[in-house]
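Subject: Structure for you to look at

Hello,

Here is the structure I promised to pass on. My notes follow below it.

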Amino acid sequence: MKIIKKVAQLQKEITKLKKAGKTIGFTPTMGALHKGHVTLAKQMVKENDIGIVSIFVNPTQFNEASDLKNYPRTLKNDAALLEKAKVHIVFAPSNEEVYPKGLKTTLKLDLKGLDKRMEGQFRKGHFAGVCQVVKRLLDITTPDSLYMGQKDFQQFTIIDQMIAALKIPTRLVVCDIVREKSGLAMSSRNSRLTGDHKKRATIIYETLQWIKKNKNRYSLSDLKQKALDKMSIPGFKPEYVSIVNGNTLKNIRKMGAHDYVVVCTAVWAGEVRLIDNIILKK
Ligand code: AMP
């Protein structure tokens, strides 16, 4: 496995691989890797000749300076996990490599309002930063396939829209959410939870499952309110519970009128903001 820090070196490597007819898979991450990331990486390696994982804590997608500062950085451990997963190349660039002076990387994109809902309401500028970094990384790596997790449902939906809008010749592959035995969705931010909060954060998945079980029993507004109540335990503060059309991410009024429905939530567990979702119908 090669660890590459410079764009020019990575591009040279990729040009060589493409000339040799190799297919390329790419998984962007912000590091502090866990089993969820490793599962994505393994699927990528299985489905492509060459698997590339990037590790870059992208400053432009953080809406809070403290979140950026406290984001865990564990490159040595990450590299060991990726080597075990048989990843070929780890790309770990500096801010200057990703955003060199003089290169315009901001985008004007029609995201059809996908970026305005849910996370967009609470994390201003987050998706502009996500699109900016993913577009830049796709320009650098020019992969055949891009691997992302369902864990960030709104994120992959927006990237799917960006790929279509910019006619980027890359296929998006979305992988299932990997969870702890307790049901808690794996997240790099889980390492910042206190032991007690980590135990009690299982309320999030339990509540999402409760919604799925009771989706035809209550009105949607009752379901959402009951879910907010369930997750309002001491130290926890749910920000939203949204039941949306999986394509448009618009709140739905009636379950029966849609083929693809997902429930998404964001919850503060102490100082740590956790997101999760489950598909109610597809
Ligand atoms: P991040 O490093 O948090 O930006 O995540 C990098 C990629 O891993 C994104 O596509 C995430 O959706 C995905 N990912 C994060 N957590 C999980 C998980 N628990 N299961 C599967 N994929 C995940």
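A salt bridge here is a side-chain nitrogen of Lys or Arg within 4 Å of a carboxyl oxygen of Asp or Glu. By that criterion, three salt bridges are counted between domain 1 and domain 2. Please keep in mind that this is a predicted model.

Domains

The protein chain is divided into domain 1, residues 2–175, and domain 2, residues 188–281. Their centres, taken over C-alpha atoms, are separated by 26 Å. Domain 1 puts 23 residues into the contact, and domain 2 also puts in 23 residues.

About 1900 Å² is buried between domain 1 and domain 2, with carbon and sulfur atoms giving 56% of that area. On the domain 1 side, the residues that lose the most area to domain 2 are Met118, Phe122 and Phe153. Together these three account for 33% of what that side buries.

A salt bridge also links Asp67 and Arg189, where the closest N and O atoms are 2.9 Å apart.

Helices

Helix α1 covers residues 7–19 and helix α7 covers residues 126–141. Their axes come within 9 Å and cross at roughly 50°, which means that α1 is oblique to α7. From α1, the contact is made by Val7, Leu10, Gln11 and Ile14; from α7, Arg136, Asp139, Ile140 and Thr141 take part. Sorted by class, the contact of α1 with α7 has four nonpolar, two polar and two charged residues.

Regards

Conventions: Residues are numbered from 1 along each chain as its sequence is written. This is a predicted model: local features need pLDDT of at least 70, side-chain atom pairs count only at pLDDT 80 or more; totals for chains, interfaces and linings use all residues. Side-chain values use heavy atoms; hydrogens and water are left out. Axes are lines fitted to C-alpha atoms, for helices over the stretch in contact, and angles run from 0 to 180 degrees between N-to-C directions. Helices (H or I, at least four residues) and strands (E, at least two) are DSSP runs, numbered from the N terminus. Angles under 35 degrees count as roughly parallel, over 145 as roughly antiparallel, 65 to 115 as roughly perpendicular and the rest as oblique. Contact means heavy atoms within 4.5 Å. Ala, Val, Leu, Ile, Met, Phe, Trp, Tyr, Cys and Pro count as nonpolar, Asp, Glu, Lys and Arg as charged, and the others, Gly among them, as polar. Domain bounds come from an automatic or database domain assignment. Buried area is the accessible area (1.4 Å probe) that two parts lose on being put together, summed over both.
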